Each structure stands twice: as C-alpha cells, then as structure tokens.
Amino acid sequence: LAMISAVAPATATPTVAAMKVLLVEDDTDLLTTLADSLREQGYAVDTAEDGEEGLYRATEAGYDAIVLD
C-alpha cells in the first residue's frame with residue numbers, strides 16, 4: 001500500500017491580511033512615492049489627493065491607520 005502525505009511543502013507560508021492605510025497628500029509626487037513605499041512594505045494603501053476626498057474615504061471604509069499632512 002502507498003502512503004499519501006497531507007503535509008504542506010516547506011515553502012508554503014501563511015497569508016496575513018495587510019494593514020489597511022489611507023494616505024492623504026496634495027503633492028502628487030510625494031503621494032506616489034509614499035504609497036509605493038508603503039505597498040512595498042506590504043501595506044494595503046488607498047490614497048486621496050485632498051482633505052475632502054480623504055474625509056469621504058475615511059468615513060466609507062475601515063482603516064487601521066490614516067496618514068495626512
């Protein structure tokens with residue numbers, strides 16, 4: 001009889017939900033740079049280019065952190 005193993009390969013890694021961040025910045029270049037950097041670190045990033053859009057997004061979705069200037 002053949003034995004079948006149900007063990008996951010050693011390369012399997014558990015998935016962890018990314019921390020959700022809202023980034024509000026009116027300087028487009030800075031907004032892009034910061035958002036890209038945070039995404040590279042594993043954060044889920046939403047962006048807004050002004051306070052009005054930032055307020056709307058903040059009230060419509062749950063964020064773990066909000067970064068604004």
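How many helices and strands does the secondary structure of the protein chain come to? The count is 2 helices and 3 strands, and from the N terminus on they run β-α-β-α-β. Helices here are DSSP runs of H or I with at least four residues, strands are E runs of at least two, and both are numbered from the N terminus.

Keep in mind that this is a predicted model: local features need pLDDT of at least 70, side-chain atom pairs count only at pLDDT 80 or more, and totals for chains, interfaces and linings use all residues. Residues are numbered from 1 along each chain as its sequence is written, and side-chain values use heavy atoms, with hydrogens and water left out.

So what's tucked away? Buried residues (under 20% relative accessible area; exposed is over 50%, partly exposed in between, with a 1.4 Å probe and protein chains only) make up 16% of the 69 residues. Helix α2 (residues 51–60) has 10 residues and the number buried is 1, so α2 lies largely in the open. Asp29, in helix α1 (residues 28–40), is exposed too, at 61% relative accessible area.

Glu25 sits in the loop between β1 (20–24) and α1. Glu25 is buried yet has no salt bridge (a side-chain nitrogen of Lys or Arg within 4 Å of a carboxyl oxygen of Asp or Glu). Its nearest side chain of opposite charge, Arg39, is 14 Å away.

| Side chain | Backbone nitrogen | Distance |
|---|---|---|
| Glu25 | Asp27 | 3.0 Å |
| Asp50 | Glu52 | 3.1 Å |

Notes:
Lys, Arg positive; Asp, Glu negative; His and termini not counted. Polar contact = N/O pair within 3.5 Å; in protein donor to acceptor, adjacent residues only side chain to side chain.
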